[in-house]
Amino acid sequence: MSSDEVTALLREAYLDELETVMNYLTNAIVLDGVHAEEVKTSLEEDVDEELEHARLLGQRLKQLDQSPPGSEQFDAQQSSLQPPDDTTDVQSVIDGVLDAEDDAIETYRSLLEAAREADDPVTEDVAVTILTDEEAHHSEFRGFEKEFPMD
Ligand SMILES: [Fe+2]
Ligand SMILES: [Fe+2]
């Protein structure tokens, strides 16, 4: 069993993951400077994980007899994660990643709750699996943030 709320959240999360893939990929390419290398490497690894999240969500939608959305249903949200004008501004990318991971954590908590209410333990399991990765991403970038003195 599942619910309309569950499938709506699965579709929303699918698009969020693909936007995250685009912005992590772009920022991993554009950043410059001695402070950028570790962040770039981490973003590159996370691109693969975020893409796998989209794949899990899309497959779950398919199992629920729904289609994951195509690009025409996409509405960009991640304004704080746009590539910075100053390509050595690693701090701006770290802040954008923390925003994106905060949003992801909130979405998967909502999905978890909706799946539980709908008596859909399989989607609940998908939400917990992905939430575990997002909390790890958030924690890693909070670590990077501590290395960068504010102003
Ligand atoms: Fe993700
Ligand atoms: Fe993430």
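Guide: Two residues count as touching, or in contact, if their C-beta atoms, placed from the backbone, lie within 7 Å. This is a predicted model, in which local features need pLDDT of at least 70 and side-chain atom pairs count only at pLDDT 80 or more, whereas totals for chains, interfaces and linings use all residues. Residues are numbered from 1 along each chain as its sequence is written, while chains are lettered from A and ligands numbered from 1 in the order in which they are written.

Visitor: Leaving aside residues up to four places away in sequence, which residues does Leu-31 touch?

Guide: Leu-31 sits in the loop between α1 and α2, helices (H or I, at least four residues) being DSSP runs numbered from the N terminus. Once residues up to four places away in sequence are set aside, the contacts of Leu-31 are Ala-36, Val-39, Lys-40, Thr-87, Val-90 and Val-93.

Visitor: Is Leu-31 buried or exposed?

Guide: A residue is buried if 20 or more other C-beta atoms lie within 10 Å of its own, and exposed if 12 or fewer do. Although Val-93 is 62 residues away along the chain, its C-alpha atom is separated from that of Leu-31 by 8.7 Å. Because Leu-31 has 21 C-beta neighbours inside 10 Å, it counts as buried.

Visitor: What covers the buried residues of α2?

Guide: The buried residues of this helix are Val-39, Leu-43, Asp-46, Glu-50, His-53, Ala-54, Leu-57, Arg-60 and Leu-61. What covers them includes α1 (4–30), α3 and α4.

Visitor: How are α1 and α3 oriented to each other?

Guide: Their axes, which are lines fitted to C-alpha atoms over the stretch in contact, with angles run from 0 to 180 degrees between N-to-C directions, come within 10 Å and cross at roughly 165°. Angles over 145 degrees count as roughly antiparallel. The relation of α1 and α3 is therefore roughly antiparallel. Among the residues that make the contact are Leu-9 and Ala-13 of α1, with Ala-104 and Leu-111 of α3, and the orientation, to repeat, is roughly antiparallel.

Visitor: At roughly what angle do the axes of α3 and α4 cross?

Guide: Helix α3 (residues 90–117) and helix α4 (residues 121–147) have axes that come within 9 Å. These two helices are also therefore roughly antiparallel to each other, and the crossing angle is roughly 160°.

Definitions and conventions:
Angles under 35 degrees count as roughly parallel, over 145 as roughly antiparallel, 65 to 115 as roughly perpendicular and the rest as oblique.
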